[in-house]
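Subject: Handing over the structure

Hello,

Here is the structure I promised to pass on. My notes on what I found in it follow below.

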Amino acid sequence: MNFDLSDTQLMIQQTAKKFAESELFPVASTVEDKAQRPLFLANLKKLAELGFMGLNIDSQYGGTEAGTIAFSLAMTEIAKGCASTAVTMSVNNMVAEVIQSIGSEEQKQRYLSKICSGEFSAGAFCLTEAGAGSDPAAMSTKAVKYGDHWIINGTKLYITSAAYAGVFVVWAVTDSSAPKGKGITCFLVDADNPGVSISKEEQKMGQLASATNEVVFTDCKVPATAMLGALNQGFKIAVSELAGGRIGIGSLALGLGEKAIELAIDHVKERQQFGQSIADFQGVQWMLAEAKTDMEAARLLLLKAAFEKEQGRPFGPQASMAKWFATEKANQACYTAQQLFGGQGYLKDSPIERLVRDVRVTSIYEGTSEIQKVIISRDVLNE
Ligand SMILES: CC(C)(COP(=O)(O)OP(=O)(O)OC[C@H]1O[C@@H](n2cnc3c(N)ncnc32)[C@H](O)[C@@H]1OP(=O)(O)O)[C@@H](O)C(=O)NCCC(=O)NCCSC(=O)CCS(=O)O
């Protein structure tokens, strides 16, 4: 067994770290203000130019072809700079990967280079609905075929990047008489399709720079060639792609947890109380030791899941273990770091305050911790 990273993986990790430190972290609080969205989008474009919007996409389509381990490493570093940027990068990579894995040659040619190059600021993954969150197979958005085109009607919720996405991957029921989950099909819908409207932007607790919107499809007409993958196979496509996305979100959470610990280490060395640095108190040392060990364990779980995916082997339950563990422990690490900052960590101008807000959703979106445990336990019981 070899734990060493390849030269390419190290280079990608270092590039991400440098970009996060120089371009993202200094403006992470600034871009929380929606008026600063152009700055946020400009950084997404730079990230695309670095090759980070298609890390696992073939070079013939404009991707970096660096693999899933490199993707996980890059996500962690980018999240240390700005979680909103990182989640956009994660969803973009997931959208690009679903097109690469099941798209027609024409669809790959049409969309992948635009996502990878940053010509599209983002791609969006339109699965969730008001009545279909943890249970996406319960969706009610419908697509009906008329001759050589489909008409899509329905409303999707909590869609990351919808406000500036160039393309939407949309799931809709195409056979309502089929058993649950067996009559869903996936479509590619251009953002400028007149049947698409981007509705209200959600007011969130964290990851404020990244837009999260409702997306409404009203008699949205798409050609038959917009179907992504096979008819009525969409649900399997969704759960399979979400497994890859979970490596991204777990890696993002790891970055937030690590950043919180780094900030806390600097703080406890500097902060003097009772005539000594608070780093000299064993209670403080143990808090850091526990958080650091949790993050190291999370990293190993994430890299194992990424390795399995990269090898083309089943990785769904492993990705769920990694996502569940990394996001829960990153939440704890941010909480610990905030505790170590004391009152200062509760102030709006403290970076810890933002990390605590940004990390919270990681154990909710792209599958709650409870859903990850459903996936893991089903796998354990079927072994
Ligand atoms: C709860 C679930 C895990 C499972 O749901 P179901 O019980 O309804 O479905 P299953 O029977 O388990 O699976 C259906 C079908 O798919 C196959 N399958 C399952 N997992 C995989 C996989 N990893 N790769 C390939 N195929 C897979 C399974 O074998 C079945 O096949 P057969 O029918 O037997 O042939 C699931 O509902 C779930 O994951 N729920 C959570 C949903 C979620 O994460 N939602 C958040 C979405 S994030 C979002 O939409 C926003 C994106 S962005 O951030 O903007």
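Which element gives the largest share of the shell around the ligand? That is α6, with six residues. Before the rest, two remarks on the source. The model is predicted, so local features need pLDDT of at least 70 and side-chain atom pairs count only at pLDDT 80 or more, while totals for chains, interfaces and linings use all residues. Residues are numbered from 1 along each chain as its sequence is written.

The ligand shell

There are 25 residues around the ligand, and Leu-127, Thr-160, Ser-240, Gly-316 and Gly-367 come nearest (a residue is near if its C-beta atom, placed from the backbone, lies within 6 Å of the molecule). Two or more residues each are given by β3 (149-160), α6 (234-270) and α10 (369-382); helices (H or I, at least four residues) and strands (E, at least two) are DSSP runs, numbered from the N terminus. By class, the shell holds 15 nonpolar, seven polar and three charged residues. Here Ala, Val, Leu, Ile, Met, Phe, Trp, Tyr, Cys and Pro count as nonpolar, Asp, Glu, Lys and Arg as charged, and the others, Gly among them, as polar.

The domains

The chain is divided into domain 1 (7-122), domain 2 (125-235) and domain 3 (238-382), with bounds from an automatic or database domain assignment. Domain 2 and domain 3 each give at least three residues to the ligand shell. For residues 124-220, UniProt lists "domain: Acyl-CoA oxidase/dehydrogenase middle" in an unreviewed entry (such annotations may be inferred rather than shown by experiment); that span is 0% helix and 53% strand. UniProt also lists "domain: Acyl-CoA dehydrogenase/oxidase C-terminal" for residues 232-380, again from an unreviewed entry, and there the chain is 77% helix and 3% strand.

Domain 1 against domain 3

The C-alpha centres of domain 1 and domain 3 lie 21 Å apart. Their contact (C-beta atoms, placed from the backbone, within 7 Å) takes 21 residues from domain 1 and 21 residues from domain 3. On the domain 1 side, α3 supplies the largest share, ten residues.

Helices α3 and α4

The axes of α3 (residues 68-81) and α4 (residues 83-102) come within 6 Å and cross at roughly 155°, with axes as lines fitted to C-alpha atoms over the stretch in contact and angles running from 0 to 180 degrees between N-to-C directions. The two helices are therefore roughly antiparallel (angles over 145 degrees). Their contact has seven nonpolar, four polar and no charged residues.

Best wishes

Definitions and conventions:
Parallel < 35°, antiparallel > 145°, perpendicular 65-115°, else oblique. Contact = placed C-beta atoms within 7 Å.
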